[in-house]
Amino acid sequence: MQFRDFAGNAPIKQRLAAEIDAGHYPHALLIEGPLGSGRRTLARLIARAALCRDTDHSARPCGVCAACQKATPPDLTELGGDGTSLSVDTIRRLREDAFLLPNESAYRVMILAEAQAMTPQAQNALLKILEEPPAHLLFILTCDTRTSLLETIRSRCVCLTLAPTAWEEAAPILTARLPKEDPAELQRAHSLFGGCIGQVIDGVGDGTFRQVLDLTPRIAAAIVAPKEAELLELTGALEKEKQLTAGVLAGLSLILRDALVGKYGGTTTLSTAPEAAAQLASRLTAQRLTALMEQVERLQFALSRNMNNTLFLTRLCACLRQAAGY
Ligand SMILES: [Zn+2]
């Protein structure tokens, strides 16, 4: 199997290639990973490999055969990830289609993105397909974390967990996709978005990255400001901006790491906000900095669990000020 633009994740590539190069396609696959980690890219590559006509499976997807050339192959169904509901009715309709023979390929492939959006009823309807799948069916689910799905679904899937990319792995793809950006800036964005290429591409493209660079040092300073009002006002900009919030938390984590290293006399420039890091290092003890880092980690986890944003931001301000002892 050919992975082309899918960066990093060597163990997953080896595992998939070992199966697919021998002509074995898993009937139910669950790809988990954070936003922008390549879940959908990988799902589509596997789908394309299954639909490709090249007799050499290790060369699939070949990119040139009639099936690869089609923008929307008739045997590929993609659902979810675009805000549409994955209701029990949607899944029941999908089930009817699943049993139809493929039109022109050896397989019928169904990609169900953001599968965590399914209600338990919808998941149970899906289970009926996964329990006795027809031989021609390949089902690929993507989700943030497998624990958001029923155990009965998980146990019927081959699970793949995507890892963040290293800069060296991501660089060729990012510089090709964003040729006008300074590579050093892209590396900063890569670090800030936790090695998730999709987040870097979106964040640099839509201006989120710039906003994060602007906001994060100011928020770091406001954590230790005399009054809480400053922090509340700054975090107001994060309302309804989940990506920006995630970026700011990642940025804060880097500033705190720099501050902690600074506390012990070292210098790092992970955050590229040295003044903010130096200020925190001068105002807070190592214990306080460590407590803040732990708090940021907890907030990152809470954010990934789709907590109500207004409540989240109130909690963010209170938690950070408390951890800093203010
Ligand atoms: Zn092909």
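This is a predicted model: local features need pLDDT of at least 70, side-chain atom pairs count only at pLDDT 80 or more; totals for chains, interfaces and linings use all residues.
Figure 1. Numbering starts from 1 along each chain as its sequence is written. Along the principal axes, the C-alpha atoms fill a box of roughly 70 × 40 × 30 Å. Of the 326 residues, 40% are buried. Here buried takes 20 or more other C-beta atoms within 10 Å of a residue's own, exposed 12 or fewer, and partly exposed lies in between, with C-beta atoms placed from the backbone.

**Figure 2. The largest nonpolar core, seen around Leu256.** A nonpolar core is a set of buried Ala, Val, Leu, Ile, Met, Phe, Trp, Tyr and Cys residues joined through C-beta atoms within 7 Å. The largest one has 47 residues, and Ile219, Ile255, Leu256 and Leu280 touch the most other members. Helix α12 (residues 242–263) is the top contributor, giving 11 residues to this core. Setting aside neighbours within four places in sequence, Leu256 is in contact with Leu280, Leu289, Leu292, Met293 and Val296, where contact means backbone-placed C-beta atoms within 7 Å. Another core lies apart from the largest one; this core has 44 residues, among them Leu30, Ala43, Ile46 and Ile153. As background, nonpolar side chains tend to be buried together in soluble globular proteins.

**Figure 3. Helices α4 and α5 side by side.** Helix α4 (residues 88–98) packs against helix α5 (residues 120–131) at an angle of about 10°, and their axes are 8 Å apart. That angle makes α4 roughly parallel to α5. The label covers angles under 35 degrees, while over 145 is roughly antiparallel, 65 to 115 roughly perpendicular and the rest oblique. Axes are lines fitted to C-alpha atoms, for helices over the stretch in contact, and angles between N-to-C directions run from 0 to 180 degrees. On the α4 side, the contact uses Val88, Ile91, Arg92, Arg95 and Ala98; α5 brings Gln121, Ala122, Ala125, Leu126, Lys128 and Ile129. By type, that's seven nonpolar, one polar and three charged residues.

Figure 4. Arg4 isn't a glycine, yet its phi is positive, about 35°. Arg4 belongs to the segment before α1 (10–20) and is exposed, with 11 other C-beta atoms within 10 Å. Glu114, also not a glycine, has a positive phi near 50°. Glu114 sits in the loop between β3 (108–112) and α5, and counts as buried with 21 C-beta neighbours inside 10 Å. The peptide bond joining Arg60 and Pro61 is cis, with omega about -10°. Pro61 is in the loop between α2 (39–51) and α3 (66–69).

**Figure 5. Arg177 and Ile201.** Arg177 is part of helix α7 (residues 167–177). With 15 other C-beta atoms within 10 Å, Arg177 is partly exposed. Arg177 and Ile201 are 24 residues apart along the chain, and their C-alpha atoms are separated by 7.6 Å.

Key: Helices (H or I, at least four residues) and strands (E, at least two) are DSSP runs, numbered from the N terminus. Two residues are in contact if their C-beta atoms, placed from the backbone, lie within 7 Å. Ala, Val, Leu, Ile, Met, Phe, Trp, Tyr, Cys and Pro count as nonpolar, Asp, Glu, Lys and Arg as charged, and the others, Gly among them, as polar.
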